[in-house]
Amino acid sequence: EVAYSQSTGQKEQLSRCLQRGIRRVQDLCKVLQLPRVFEETAVSYFQRAVQHPSFHLVSLEKKELLGGCCVFVTCRQHNWPVTMGTICSLLYAKQELFASVYLSLQKELELSVPALSLADLVKTHLNSFRLFEHTADVPARFVEDKEKMVARTMQIVELASETWLVTGRHPVPIVTAAAFLSWQSLQPAARLTCTLARFCKLAGVDLPPPAHLRLKELLEILLRMASQLAWLRVFNVDKKTVVKYIGDLLQHRIFLLKNAFCLEDGEEQRAAAPGEGSLGEGSLGSPPAAGGAAQEEACPSEGKRQREDGPRPLLPPCLINPRKRLRTAAPSPSDSAITGDEPISDSEIEQYLRGPEEVRAFRKAKAWP
């Protein structure tokens with residue numbers, strides 16, 4: 001039997017580049033286990049992109065990424081939660097280059113791409129976990145109910161979104177860290193000793209490198225919130241034991257976040273107007289700002305500890321822990337040597353101190369018409 005496409009020469013009309021690209025798109029859809037409709041839509045987008053003049057003269061590397069971008073657009077349009085990092089890992093591509101090709105494809109073909117729903121991503125990511133059935137690799141004490149874990153993970157992800165931990169970050173490490181905390185909090189007595197790496201190994205998922213940092217940031221937020229619960233102050237709550245109280249913290253998270261991260265009224269007023277009140281309190285001694293500075297100068301470590309332990313405003317992590325700037329190389333002795341031939345600006349000349357004779361001469365010259 002001879003297929004119709006082989007007898008009519010239909011495939012011979014397609015260029016090798018187009019045939020190879022279509023095959024790559026189909027293989028990518030099979031790896032991601034996408035429905036047949038997704039594959040057909042992605043192939044049609046790829047054919048349109050290859051025929052578009054804007055993609056005729058692009059590099060071979062960008063043409064190879066074009067198929068992945070078509071699959072990514074198709075998944076987003078059908079509300080199928082897949083991240084750009086997943087496609088890049090399958091194609092061994094740089095995310096910056098993939099993003100540029102994706103934006104060009106979206107602009108040239110005038111495609112409407114909806115934003116990714118974080119809730120759908122949480123559900124899809126947790127579907128791949130192997131913690132919901134008792135197997136030889138998963139002990140009975142580590143098995144968890146899927147619905148409970150999805151609901152608790154969604155609450156922790158929402159908390160991360162409210163505290164600036166999601167903005168500008170890859171979502172998969174945050175979802176992984178949130179899933180680990182929710183899994184621990186549902187049965188803390190049997191799971192507190194389990195690490196994040198072992199959890200991912202039991203679940204059968206990869207451990208994203210930034211997940212440890214996202215877990216640390218989430219625990220810091222939870223500790224701040226736990227410090228506002230009066231009945232928790234009698235316990236020694238740390239990063240390990242705070243997991244026991246995640247249910248209570250999430251239940252009152254709006255109130256606890258407001259108290260844990262908003263500055264007190266007095267501190268806000270002093271920060272906004274540091275000079276106010278100094279005239280009225282001058283007779284009693286130094287103003288509060290000077291007194292605080294003197295106290296901090298007398299014991300700088302204690303003053304720093306009070307600032308760190310006290311309430312701070314809720315800011316993105318990039319503002320709380322800014323990146324260190326690179327230090328410029330120190331000038332060599334030959335560069336810093338003064339030769340006397342350096343140019344002098346007018347503003348610098350005006351700053352020079354004049355003697356009494358120069359002042360009198362300058363006044364006389366200035367008085368002349």
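Me: Where does Thr-74 lie, and what makes it count as buried or exposed?
Reply: In this predicted model, Thr-74 is part of helix α4, residues 60-77. Its relative accessible area is 1%; buried means under 20%, and therefore Thr-74 is called buried.

Me: Which residues are in contact with Thr-74, leaving aside neighbours within four places in sequence?
Reply: Phe-38, Thr-41, Ala-42 and Tyr-45 are in contact with Thr-74, contact being heavy atoms within 4.5 Å. Of these, Ala-42 is 32 residues from Thr-74 in sequence, yet the two C-alpha atoms are 5.9 Å apart in space.

Me: How do you know that the length of helix α8 agrees with its number of residues?
Reply: Helix α8 comprises 17 residues, 146-162. The expected span is 1.5 Å times one less than the number of residues, which gives 24 Å for α8. The end C-alpha atoms of α8 are 24 Å apart, so the two values agree.

Me: What is found at the ends of α8?
Reply: Asp-145 caps the N-terminal end, with a side-chain oxygen 3.4 Å from the backbone nitrogen of Glu-147; the cut-off for a polar contact is 3.5 Å. After α8 comes Trp-164, whose phi is positive, near 70 degrees.

Me: Which residues of α8 are buried, and against which helices do they pack?
Reply: The buried residues are Met-149, Val-150, Arg-152, Thr-153, Met-154, Ile-156, Val-157, Leu-159 and Ala-160. They pack against α7, α9, α11, α12, α13 and α14.

Me: Why is α8 called roughly perpendicular to α12?
Reply: The axes of the two helices come within 11 Å and cross at roughly 85 degrees. Angles of 65 to 115 degrees count as roughly perpendicular, and so α8 is given that description relative to α12. Ile-156, Leu-159 and Ala-160 of α8 make the contact with Leu-218, Ile-221, Leu-222 and Met-225 of α12. By class, the contact has seven nonpolar residues, with no polar and no charged ones.

Me: Why does Gln-228 count as partly exposed?
Reply: Gln-228 is placed in the loop between α12 and α13. Its relative accessibility is 25%; buried requires under 20% and exposed over 50%, so Gln-228 counts as partly exposed.

Me: What does Gln-228 touch, not counting residues up to four places away in sequence?
Reply: Gln-228 touches Arg-233, Leu-256, Asn-259 and Ala-260. Separately, Phe-255 is 27 residues from Gln-228 in sequence and 9.2 Å from it in space, C-alpha to C-alpha.

How values were computed: Residues are numbered from 1 along each chain as its sequence is written. This is a predicted model: local features need pLDDT of at least 70, side-chain atom pairs count only at pLDDT 80 or more; totals for chains, interfaces and linings use all residues. Side-chain values use heavy atoms; hydrogens and water are left out. Helices (H or I, at least four residues) and strands (E, at least two) are DSSP runs, numbered from the N terminus. Buried means under 20% relative accessible area, exposed over 50%, partly exposed in between (1.4 Å probe, protein chains only). A polar contact is a pair of N or O atoms within 3.5 Å; within protein, one must be able to donate a hydrogen and the other to accept it, and residues adjacent in sequence count only if both atoms are side-chain atoms. Axes are lines fitted to C-alpha atoms, for helices over the stretch in contact, and angles run from 0 to 180 degrees between N-to-C directions. Angles under 35 degrees count as roughly parallel, over 145 as roughly antiparallel, 65 to 115 as roughly perpendicular and the rest as oblique. Ala, Val, Leu, Ile, Met, Phe, Trp, Tyr, Cys and Pro count as nonpolar, Asp, Glu, Lys and Arg as charged, and the others, Gly among them, as polar.
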